[in-house]
Every structure is written in structure tokens, then in C-alpha cells.
Amino acid sequence: MVTKQLSDSSDEADLRRADSLAREIFSDVANKWALLIIEALGQRTLRFSELRDEVEGISHKMLTQNLRMLERNGLAERKVHPTVPPRVEYTLTEPGQALRATVDLICDWTHQYFGRIEAARRGFHA
């Protein structure tokens, strides 16, 4: 994916425009793995292996890709400690913590409506 540079144009922040940077950012962070990683990192700094344990079912490749994306967008930071073997830790940045508040709301919504959604799915016949 080509990363756009933010210009002074408000068009760049318009999610409805196909060529907007805002849409690219939204696409990056609005996936299940990114949301689960943000939730896992919300309380504390974690090592890669700890994150993989926290986010059940995520592959090594998907965790790596999503951590890189979160770093690229300034939502997480990676700290490498000069040990043998190197110890790498991840933590949310201030913008990442702010996004976590939204992720928490999505989690709360999921818990609140889980039963209704489950019932609707059982009753749905395509």
C-alpha cells in the first residue's frame, strides 16, 4: 500500500474520498488483529511472545505485519533492549492509547449486544 503524505487539504481527512489518507488509516486500524493488539497493549508493555499469547489465534506473520503497521501509523512503539538475544517490547503511544478508548467502547458494545447478535445469526436464513 502506498502511504500518502498529509497535505493542507481537508479532502485528505475525508473518509468518503477513495484517495484520502484518512481512509488509508481507517483501513489499517479497523481490522480484527489491530483491534485485539491495541486492546492487549492497552494496560502494559508486552514482548512479542507475550502479545502472541494474549491475542489467541494470531500467526507470527500477522502479528508482525500488524505491529509494523501500528508503528508506521505512530500508534505503537517498539523498543529493542541490547541483550543477547535481543529483547523487544511494544507499547502504545499517546495516539494509540486514545484509539484504545474507542476499542474499549467497541468491546463494551460487543458484550452488551452479543446475545442479540447471536440470536439474529441463528435466525438468519440467506
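So, E1 and E3 pair in the antiparallel sense, over 2 bridges; strands here are DSSP runs of E, at least two residues, helices are runs of H or I, at least four, and both are numbered from the N terminus. Two strands count as paired if DSSP finds at least two bridges between them. Leu46 sits opposite Tyr90 in E3. Quick caveat: this is a predicted model, with local features needing pLDDT of at least 70 and side-chain atom pairs 80 or more, while totals for chains, interfaces and linings use all residues. Residues are numbered from 1 along each chain as its sequence is written, and side-chain values use heavy atoms, leaving out hydrogens and water.

The open sheet has 3 strands in the order E1-E3-E2, paired antiparallel. Its edge strands are E1 (46–47) and E2 (76–81), each pairing on one side only.

Lying across E1 and E3 is H2, at about 95° to E3. Angles run from 0 to 180 degrees between N-to-C directions, with axes fitted to C-alpha atoms, for helices over the stretch in contact.

H2 (32–41) also packs on H4 (60–72), at about 75° with axes 10 Å apart. That makes the H2 and H4 pair roughly perpendicular, a label covering 65 to 115 degrees. Trp33 and Ile37 of H2 are among the contact residues, as are Leu63 and Leu67 of H4, contact being heavy atoms within 4.5 Å.

And Leu51? Beyond its neighbours within four places in sequence, Leu51 contacts Ile37, Ala40, Leu41, Leu46, Leu63, Leu67 and Tyr90.

How values were computed
Angles under 35 degrees count as roughly parallel, over 145 as roughly antiparallel, 65 to 115 as roughly perpendicular and the rest as oblique.
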